[in-house]
Amino acid sequence: EMIPPEDVKLGGVTSEMARRWQLLQNLQDRNETLFYKVLIKNFVEMAPIVYTPTVGWVCVNYHHLYRRPRGMFFSCKDKGEMAAMAWNWPQSDVQAIVVTDGSRILGLGDLGVNGFGIPVGKLDLYCAAAGFSPSKVLPVMLDLGTNNEALRSEPTYMGTRRPRVTGPEYYELVDEFVKAVMARWPNAVLQFEDFSIDHALVLLERYRQHYLVFNDDIQGTAATALAGLYGAMRATGKDPRALAEQRVVCVGAGSAGMGVVRMIAAGMEKQGLSPEEAAGKFWVIDAQGLITRARWDHLAPHVRPFAREDQSHEGQSLLEVVNRVKPTILLGLAGAGRLFTEQVLRAMSDNCPDQRPVIFPMSNPISRMECTSEDAIRFSGGRAIFASGSPQPPVELNGVLHGVSQANNMYIFPGVALGAYLGRTRIITDGMLMRAAETLPALIPQQDLDNGLVYPRLADIRDISARVALEVIKAAAEEGRARGKAMERLSRSEQHLMAWIKGNMFYPEYSSLVQLPVGVQQ
């Protein structure tokens, strides 16, 4: 067995999944065109192999699995040399860059350069789902050390064997990297992935008004969650305006959790609530229990607007909050395992007599999810509308097969990146992400809505990404940010723009001609 059964931290990754990953990697090394043909044609089956949950196993074992170089590595020893490294990279046209520092890989913690499996897998999805050309994407590892002593002592660990760089030096190194790659490829989309909680939001705010950057853990997860809630409104026969009437309990106050809360609150504001009214619809719980103003001085600025005013409820448990508040929506983004117990799930159902409870355990990998689809459906008596961060099987209960959805960021980030790149939008705004979230529910077939599904079919991912890209470009145009050929096509009609978007999407096929720049090999 490649994966011992007792290795539960990998959460649902089987030896067969690991075998398939290795087979696909070998195919990609030998025949990239065929690799992407297989991935696109069998996307629903292969996406969990090239990315979550299998990528978690890949990252844990990357120091044993590494075979061939791919992408770029920048380390703390390269200070002052990063611009030269970027300009010496042979590809002159890079359209998308995914970078991680390995400090918080999924729910697995600090994996150092072993986290490089994340940018590689993510960009495989960029190519398959959004049609970025494999020759024009760049996975990047920022090797700034690791605090994982077990990894540092591994003979085959490939990273810098030192504790993580911290403080001003950390930001100086990241600044240098961002300036280097954005000077070399100014039109590229730069995505930050799996940075630690203390750095993720700071880095996003540091660059988002100056470069074409976004953080999928914060913004992609948030837009995906909001899209799922709009889908849940459709599935229950409600108007999108019903979002403003929901009561939301969110377990997890990290960068991803609060990103989701802020995005949903923005959606509620769009449906007519004031910022204060929208914030009053949330109850946020962290490891210390319900967050109230009793610990105001110790709260991060982005958490404070959602701290409850009644300090007598400080630190209440999840079950206590559910029984008192009677929420209609329960979100899990803590990455701490099975927090949605039988008692919590039964209370969610019992306290929602007038509508189906919405339960989204969004943590990855499977071992870090707050509950399984089996738990949610069974303990709610089949009433729950369920979506999870990692794949879960449908559940049969009393002779009825209940569909479950996957709240997967791949519904959002490929299309957002494609739209931002083709639209030459300079930056990615909250309005563009909001439009992406609002687009998805309209793409869900009625048959799936009737079965309680809240996201479109992954088999249609390329059409979904193209539609999201179109709506992102339209949103950017309304904000005065879209430029170039996209605006020219949009000025004719949406049909012209859609045809142009699809015409720019890579599709794997064998070409009989090789195009070379003028003067090369002549």
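Biologist: Which residues of α3 are buried?

Modeller: A residue is buried under 20% relative accessible area, exposed over 50% and partly exposed in between, with a 1.4 Å probe and protein chains only. In α3, the buried residues are F43, M46, A47, P48, I49 and V50. Because 6 of the 8 residues of helix α3 (residues 43-50) are buried, the helix is largely enclosed by the rest of the structure. Helices here are DSSP runs of H or I with at least four residues, strands are runs of E with at least two, and both are numbered from the N terminus.

Modeller: Two remarks on the source apply throughout. This is a predicted model, in which local features need pLDDT of at least 70 and side-chain atom pairs count only at pLDDT 80 or more, while totals for chains, interfaces and linings use all residues. Residues are numbered from 1 along each chain as its sequence is written, and side-chain values use heavy atoms, with hydrogens and water left out.

Biologist: What covers the buried residues of α3?

Modeller: Contact means heavy atoms within 4.5 Å. The cover of the buried residues of α3 includes α1 (15-30), α2 (32-41), α4 (54-60), α7 (117-130) and α20 (461-478).

Biologist: At what angle do the axes of α1 and α2 cross?

Modeller: Axes are lines fitted to C-alpha atoms, for helices over the stretch in contact, and angles between N-to-C directions run from 0 to 180 degrees. Angles under 35 degrees count as roughly parallel, over 145 as roughly antiparallel, 65 to 115 as roughly perpendicular and the rest as oblique. The axes of α1 and α2 cross at roughly 135° and come within 5 Å. α1 is therefore oblique to α2. L24, L27, Q28 and R30 of α1 meet E32, L34, F35, Y36 and V38 of α2.

Biologist: How do α7 and α17 pack?

Modeller: Helix α17 (residues 413-422) packs with α7 at an angle of about 75°, and their axes are 9 Å apart. α7 is therefore roughly perpendicular to α17. On the α7 side the contact is made by K122, L125, Y126, A129 and A130, and on the α17 side by F413, P414, A417 and L418. For classes, Ala, Val, Leu, Ile, Met, Phe, Trp, Tyr, Cys and Pro count as nonpolar, Asp, Glu, Lys and Arg as charged, and the others, Gly among them, as polar. This contact of α7 with α17 has 8 nonpolar, no polar and 1 charged residues.

Biologist: Which residues lie nearest the centre of the largest pocket?

Modeller: Rolling a probe the size of a water molecule over the atoms shows where empty space is left. On a 1 Å grid over the protein atoms alone, a pocket is an open set of points where a 1.4 Å probe fits, with protein on both sides within 12 Å along at least five of seven lines; lining residues have an atom within 4 Å of a point. R104, L106, A256, S363 and N364 lie nearest the centre of the largest pocket, which is lined by 31 residues. The lining divides into 11 nonpolar, 13 polar and 7 charged residues.

Biologist: Which element gives the largest share of the lining of the second largest pocket?

Modeller: That element is α3, with 3 residues. The lining of the second largest pocket has 13 nonpolar, 6 polar and 2 charged residues.
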